[in-house]
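This report is written for a reader who has not seen this structure before. Please look over the sequence and the model before reading on.

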Amino acid sequence: MPTLLKFLLVFLLLAAAGTTWAQAPATAPAPATAQPAFDVEAATQAYLSTLTPAQKASSDAYFEGGYWLLLIDVLYAVGIAAVFLGLGLSRRLRAWTERLPRRFLRTLAYAAAYLLLAWLLSFPLAVYEGYFREHQYGLSNQRFGQWLSENLTSLALNVVFGSLLILALYAAIRRAGSRWWVWGTGIVGAFLVISIFLGPVFVSPLFNKYTPLPASPVRAAILRMARANGVPADNVYLVDASRQSKRISANVSGIGSTIRVSLNDNLLRRSTPQEVQAVMGHELGHYVLNHIQKMLVFFIVLIGLGLWALDWAFTRLVARYGPRWGVADRADVGGLPLAVALLAVLSFLATPVLNTIIRTQEQEADMFGLNAARQPDGFATIAMKLSEYRKIDPAPLEEALFFDHPSGHTRVHTAMRWKAEHLGEK
Ligand SMILES: [Zn+2]
């Protein structure tokens with residue numbers, strides 16, 4: 001096959017060269033001016049100006065508030081560590097778990113109790129961010145009871161799987177000493193792969209219902225596009241995201257046999273068939289370009305760096321303040337609140353890097369989607385609709401630091417450039 005491919009390529013190159021040399025004078029391509037004039041910048045601006053000043057102000061405020069929340073979240077995480085270490089909560093918790101007969105039980109009990117108490121302490125901030133703020137900007141469909149019950153479901157999952165992960169990490173610390181972070185990277189990586197694999201099958205159905213797309217001309221167009229790009233039609237689902245939110249969205253989740261594309265019902269309800277196709281083209285891009293698998297590789301490298309940095313900072317802080325906080329060394333589970341706070345600080349510092357990795361994939365999926373769906377105007381109008389929850393026209397540096405998706409401006413511009421360069425094609 002590769003030989004055939006090489007032969008074909010050489011043949012095509014020769015053929016291309018041949019036509020250029022031999023036929024250039026006879027059949028010069030039609031000059032670009034034969035096409036109707038299309039000004040990419042003007043078309044982009046025309047789309048951007050469809051947002052009213054009030055809509056723009058609200059979307060800017062919502063998104064920029066998110067920048068401050070990044071900072072507030074990390075300060076809050078440090079505050080929680082201070083309650084555990086400075087006020088002696090950790091010491092008391094460890095004394096209480098010390099009565100248990102086996103070391104692994106003590107570690108497990110401390111970890112579970114820590115996760116529960118940390119959840120309680122961060123509850124006020126979580127209610128503001130996840131409930132009140134979403135309602136304030138008209139993005140949520142949830143009543144408080146429903147929000148709370150979902151939050152408790154996540155808590156249960158976090159306590160069970162979080163304590164097991166913590167137990168595994170402390171086992172690595174006790175076995176490998178200062179090299180634990182190498183083992184730790186493998187352990188966290190394995191948890192990550194397992195949770196991505198199980199997510200769509202066991203976790204997401206706890207919060208939403210996933211069904212096959214209802215029969216419609218839109219469905220036919222979507223499945224046609226999916227098959228044309230090598231994605232099996234059974235791997236496309238509809239999710240009732242309107243249970244929680246008004247947001248238009250779609251995503252790819254799972255890995256291996258559980259990988260799937262999910263379109264949310266807000267998207268199907270609030271969008272034109274052209275817009276749905278544009279979004280579906282983007283999601284197919286994630287699927288076909290193996291973005292989840294590539295992201296896993298990036299994440300595992302970042303986790304390795306993060307755990308190494310965590311150990312570096314932890315060792316220095318405990319050498320100095322350990323006696324005051326009642327933390328003996330890295331193998332002492334009483335130091336867990338410090339480790340979690342340090343991880344919060346490190347991931348805060350890594351935010352621009354993470355955002356840029358994700359945003360780059362998103363941009364690739366945008367390009368793929370434009371080529372697959374060939375709906376530049378549908379793509380542009382949907383990019384405008386997403387301005388409900390994403391600032392539409394940030395400064396370039398702001399986009400580089402804070403955006404995990406291209407901004408509306410970037411997306412509309414990409415679509416209009418594609419349109420300009422494909423005018424008149426069928
Ligand atoms: Zn995407």
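**The chain as a whole**

The model is predicted. The protein chain contains 15 helices and 4 strands. Its C-alpha trace spans about 90 × 55 × 40 Å along the principal axes. Of its 426 residues, 41% count as buried. Among the contacts with a separation of 6 or more, 77% are between residues 24 or more positions apart.

**Annotated spans**

An unreviewed UniProt entry gives the feature "transmembrane region" at residues 67–87, 108–132, 152–173, 180–203, 295–314 and 335–354. An unreviewed UniProt entry also carries the annotation "domain: Peptidase M48", which covers residues 216–417.

| Residues | Helix | Strand | Distance between end C-alpha atoms |
|---|---|---|---|
| 180–203 | 100% helix | 0% strand | 29 Å |
| 295–314 | 100% helix | 0% strand | 27 Å |
| 216–417 | 66% helix | 6% strand | 31 Å |

Residues 180–203 and residues 295–314 are both annotated as "transmembrane region" in the UniProt record. In the model, the chain is 100% helix over residues 180–203, and residues 295–314 are likewise 100% helix. Over residues 216–417, the span of the annotated domain, the chain is 66% helix and 6% strand.

**The zinc site**

Which residues coordinate the zinc ion? The donors are NE2 of His282, NE2 of His286 and OE of Glu362, at 1.9 to 2.1 Å. Along the chain, these donors follow the spacing H-x3-H-x75-E. Distant parts of the chain are linked by the pair His282 and Glu362, which are 80 residues apart. His282 belongs to helix α10 (residues 273–288), and Glu362 belongs to helix α12 (residues 336–373).

Are His282 and Glu362 buried or exposed? A residue counts as buried when its relative accessible area is under 20%. His282 has 5% relative accessibility, so His282 counts as buried. Glu362 has 8% relative accessibility and therefore counts as buried as well.

**Helices α3 and α4**

Two packed helices are described by the angle between their axes and the distance between the axes. For helix α3 (residues 53–86) and helix α4 (residues 89–97), the axes come within 4 Å and cross at roughly 60 degrees. Because of this angle, α3 is oblique to α4.

Which residues of α3 and α4 meet? On the α3 side they are Val83, Phe84 and Leu85, and on the α4 side they are Leu89, Ser90, Arg91 and Leu93. The residues of this contact of α3 with α4 divide into 5 nonpolar, 1 polar and 1 charged.

Asn290 is not a glycine, although its phi is positive, at about 55 degrees. Asn290 sits in the loop between α10 and α11 (291–325). Helix α10 is also the helix that holds His282. With a relative accessible area of 37%, Asn290 is partly exposed.

Arg374 is a residue other than glycine with a positive phi, near 55 degrees. Its place is the loop between α12 and α13 (376–385). Helix α12 is also the helix that holds Glu362. Arg374 has 35% relative accessibility, so Arg374 counts as partly exposed.

Definitions and conventions. Residues are numbered from 1 along each chain as its sequence is written. This is a predicted model: local features need pLDDT of at least 70, side-chain atom pairs count only at pLDDT 80 or more; totals for chains, interfaces and linings use all residues. Side-chain values use heavy atoms; hydrogens and water are left out. Donors are N, O and S atoms within 2.8 Å of the metal (3.2 Å for Na, K and Ca); water is not among the atoms, so sites may look incomplete. Helices (H or I, at least four residues) and strands (E, at least two) are DSSP runs, numbered from the N terminus. Buried means under 20% relative accessible area, exposed over 50%, partly exposed in between (1.4 Å probe, protein chains only). UniProt positions are given in the numbering used here, feature names are shortened, and annotations may be inferred rather than shown by experiment. Axes are lines fitted to C-alpha atoms, for helices over the stretch in contact, and angles run from 0 to 180 degrees between N-to-C directions. Angles under 35 degrees count as roughly parallel, over 145 as roughly antiparallel, 65 to 115 as roughly perpendicular and the rest as oblique. Contact means heavy atoms within 4.5 Å. Ala, Val, Leu, Ile, Met, Phe, Trp, Tyr, Cys and Pro count as nonpolar, Asp, Glu, Lys and Arg as charged, and the others, Gly among them, as polar.
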